[in-house]
Amino acid sequence: LGVEFRTEEMVYNTDIAKVSQAASSGLAGSGAVRQGDRDVAAFAAEVNLPVLKSLELNLSVRYDDYSDFGGTTNPKVSFKFTPTDKLLFRGSYNEGFSAPTLTSLYAPNATTFTANRYNDPVLCPGGVPTADAQPSRDCGIQFQRLTGGNTALMPEESKAWSLGIVLQPMPSLTVAVDYWDYTIKDSISTIGEQSIFADPVKYAGLFVRCSQAPADRRAAIGACQNPGTVDPLAYVIDTNANLGDVRTSGVDLQFIWTGMATEWGRLNASLRGTYVDKYEFQVEPGGRWYEPVGNYLPQFAGPVIRYKQVTTVGWDAPNMSARLAHRWESGYRDQNAQGAPFNVAPFNTNEVGDYSIVDVSFAYTGVKNLTLALGVLNLFDEDPPFTNQTGRFQARGYDDRFHNPLGRSYQLSAKYDF
């Protein structure tokens, strides 16, 4: 049994006089103070039931009461069945609840530049300026977007289940395969600038013209200082929002081998991998389902990697150890959405290659309480695979979410325990 009570509070003070002088902060018009608080009380109960010598059940339930979102009860049930000492079956089902963080609710709204260049859908549709347009203001530029908290957010809810098998044909070898399936409702994220500009009709309510913007925020936006006879685009709203649902499933793989101890030490090896079979999401509740597995989607602002794994080979001796680790991720179809002159093959048909990196490390513990370690990351000095994505702003030619641009790097450390 367990009980919990906590109080959360967030206060964000903005010096209006200073941020008004620093237009790049984007905080003009955000208000001097943004704050929120909540109390959370919870009760949890868990029971482990050895139904049979070979069958074990685990039942648990948790009740949370949020002062700002009310109460929620979420159960979990899992089992472990071991018909022999070499075979194990396991599985679980659980429900989840995640209230929006105070930051996602109350963070100040700020206007910042979009990562990509776009056209004003009214004054420069399709990149063609109208008679009233100013191309340098309305065509092919980085517009402003409003980011930050949203007090209208609702909680996320989830359901998940898994089923797996573990084989141990010999004491030194373990192999495990687990299938998992998750569903998240009312996922909290942002719609994303690429989705907003890709469908200005659907998201017309997110385009704010200078005449619609608050006076203090309008005063900090350059486009609104020279409107001419038209009403320029001030910014698009891309604050936190409850999007649609997410459905994903896949398989986790695990292989662990431990060699026999010898006078020279003991060898070991392991492999851990994840294969994503499905990842579907909606940009808005009840909307179209998108599938970004192995494919860069603008609605997702990127891809979902289909398969990734880490393989490790190690050697352990009484006073020293060594490790070699290989990290591998599968490639995917690139963004391929650049404008002229890059909207022709091969620039718009790129396939991002697989990512393969080898790291090595060595540790010495022959001196009492002292650990000396040496490591080489990216041993073969591999470059990240090329990508033509443009959404990562200052990361061009590679995607910093998946690939490291650093070449061969060295690490040296010493740790002494007193």
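How many residues does the largest nonpolar core have, and which of them have the most contacts inside it? In this predicted model, whose residues are numbered from 1 along each chain as its sequence is written, local features need pLDDT of at least 70 and side-chain atom pairs count only at pLDDT 80 or more, while totals for chains, interfaces and linings use all residues. Side-chain values use heavy atoms, with hydrogens and water left out.

The largest nonpolar core has 22 residues, and those with the most contacts inside it are Ile191, Ile196, Phe197, Tyr279 and Phe281. A nonpolar core is here a set of buried Ala, Val, Leu, Ile, Met, Phe, Trp, Tyr and Cys residues joined through side-chain atoms within 4.5 Å, and buried means under 20% relative accessible area, whereas exposed means over 50% and partly exposed lies in between (1.4 Å probe, protein chains only). At least two residues of this core are supplied by each of α4 (193-198), β12 (233-237) and β15 (266-282), and the largest share, three residues, comes from β15. Helices (H or I, at least four residues) and strands (E, at least two) are DSSP runs, numbered from the N terminus. When its neighbours within four places in sequence are left aside, Ile196 is in contact (heavy atoms within 4.5 Å) with Ile191, Tyr203, Leu206, Phe207, Val236, Ile237 and Asp238. Another core lies apart from it and has nine residues, among them Leu146, Ala213, Ile221 and Ala234.

Considered as a whole, the protein has five helices and 23 strands, and its C-alpha trace spans about 85 × 55 × 50 Å along its principal axes. Of its 418 residues, 37% count as buried. Among the contacts in the protein with a separation of 6 or more, 64% are accounted for by residues 24 or more positions apart. The protein exposes about 23000 Å², of which carbon and sulfur atoms supply 58%; accessible areas come from the Shrake-Rupley method with a 1.4 Å probe, and for residues only the protein chains shown count as cover.

On the surface, a nonpolar patch is formed by Val47, Leu49, Val51, Leu52, Leu59, Val77, Tyr93, Trp161 and Leu163, which together have about 730 Å² of accessible area. Patches are made of residues with over 30% relative accessible area and no salt bridge, like charges being joined within 9 Å and nonpolar side chains (Val, Leu, Ile, Met, Phe, Trp, Tyr) within 5 Å. Both β2 (33-49) and β8 (156-170) supply at least two residues each to the nonpolar patch. Leu163, which has its place in strand β8, is partly exposed, with a relative accessible area of 45%.

Side chains of opposite charge can pair when their charged atoms come close. With a salt bridge taken as a side-chain nitrogen of Lys or Arg within 4 Å of a carboxyl oxygen of Asp or Glu, the count comes to 18 salt bridges. One of them joins Asp178 and Arg90, whose closest N and O atoms are 2.7 Å apart. This pair links distant parts of the chain, with Asp178 in strand β9 (residues 173-185) and Arg90 in strand β5 (residues 87-98), 88 residues apart. Asp178 counts as buried at 16% relative accessibility, whereas Arg90 counts as partly exposed at 31%. The side chains of Asp359 and Arg327 also meet in a salt bridge (3.2 Å, N to O), and this pair too links distant parts of the chain, Asp359 being in strand β21 (residues 355-364) and Arg327 in strand β18 (residues 320-329), 32 residues apart. Here Asp359 counts as buried at 13% relative accessibility, and Arg327 is partly exposed, with a relative accessible area of 33%. A further salt bridge, between the side chains of Glu4 and Arg6, has an N to O distance of 2.9 Å, and Glu4, Arg6, Glu8, Arg38, Arg62, Asp64 and Asp68 are linked in a network of salt bridges.

Several loop residues may also be described. Cys124, placed in the loop between β6 (110-113) and α3 (135-138), is buried, with a relative accessible area of 0%, and touches Asn119, Pro129, Asp138 and Cys139, not counting residues up to four places away in sequence. A cis peptide bond, with omega about 0°, joins Ala345 and Pro346, and Pro346 is found in the loop between β19 (332-333) and β20 (351-352). Asp186, in the loop between β9 and β10 (188-189), has a phi near 55°, a positive value in a residue other than glycine.
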